[in-house]
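Have the model open as you read.

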Amino acid sequence: MSIDARRNQKGERRYDVRFRDLQGRQRKRTFQAKRQAEDFAAAQRIRQARSQWIEASGAKVPLSQYAAAWMETRTALGVRTRETYEGLLRLHILPCLGDTPLEQITTPTIRIWHSELIRDKSQNLAAKAYRLLSAMLRTALEDGFILKSPCS
């Protein structure tokens, strides 16, 4: 991460903060005041150190879209396990949560969904669906799409 001073076409001093996102892409943000640039750089360092970087485009992805991509990457699943996961998604997870962007799935939302599943279906089915959803959201956390898993 670096802060570079420069003059724009009008001769005014500007400060460019250059940094890399978690995917390794070079980014730049420009500020009028050196103090603003330093504050921004410090905040980026803290976020990265705490692993609290959110990939903004990923956070807005609906759960249904993320779940489809997640399932595609699970190439080692057995046939029966894949069928079970697809059924849990199709019948119990996506009808309730599928249109919700990842960033808007909260712990209370999960708690309500889970308790309704227990009430309407069974404890065993609810546990299986919860474990699948939890695994997907842990991966979303690792991918940097959310700050914390609402299933914790």
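A salt bridge here is a side-chain nitrogen of Lys or Arg within 4 Å of a carboxyl oxygen of Asp or Glu. The model is a predicted one, where local features need pLDDT of at least 70, side-chain atom pairs count only at pLDDT 80 or more, and totals for chains, interfaces and linings use all residues. Residues are numbered from 1 along each chain as its sequence is written, and side-chain values use heavy atoms, with hydrogens and water left out.

**Salt bridges**

By that rule, the count is nine salt bridges.

| Pair | Closest N to O |
|---|---|
| Arg18 and Asp4 | 3.1 Å |

Let's start with Arg18 and Asp4, whose closest N and O atoms are 3.1 Å apart. Arg18 sits in strand 2 (residues 13-20) and Asp4 in strand 1 (residues 2-7), so this bridge ties together parts 14 residues apart in sequence. Helices (H or I, at least four residues) and strands (E, at least two) are DSSP runs, numbered from the N terminus. For exposure, buried means under 20% relative accessible area, exposed over 50%, and partly exposed in between (1.4 Å probe, protein chains only). Arg18 is partly exposed at 32%, and Asp4 is partly exposed at 31%.

Arg35 and Asp39 belong to helix 1 (residues 34-49), where they are four residues apart, or about one turn of the helix. Arg35 is exposed, at 57% relative accessible area, while Asp39 is partly exposed at 41%. As for Asp120 and Arg119, both are exposed. Some bridges also share partners, and that joins Asp4, Arg6, Asp16 and Arg18 into one network.

**Helix 4 against helix 5**

How do helix 4 and helix 5 pack, and at what angle? Helix 4 (residues 79-97) and helix 5 (residues 107-120) pack at about 140°, with their axes 11 Å apart. The axes are lines fitted to C-alpha atoms over the stretch in contact, and angles run from 0 to 180 degrees between N-to-C directions. That makes helix 4 oblique to helix 5; angles under 35 degrees count as roughly parallel, over 145 as roughly antiparallel, 65 to 115 as roughly perpendicular and the rest as oblique.

Contact means heavy atoms within 4.5 Å. On the helix 4 side it is made by His92, Ile93, Cys96 and Leu97, and on the helix 5 side by Thr109, Ile110, Trp113 and Leu117.
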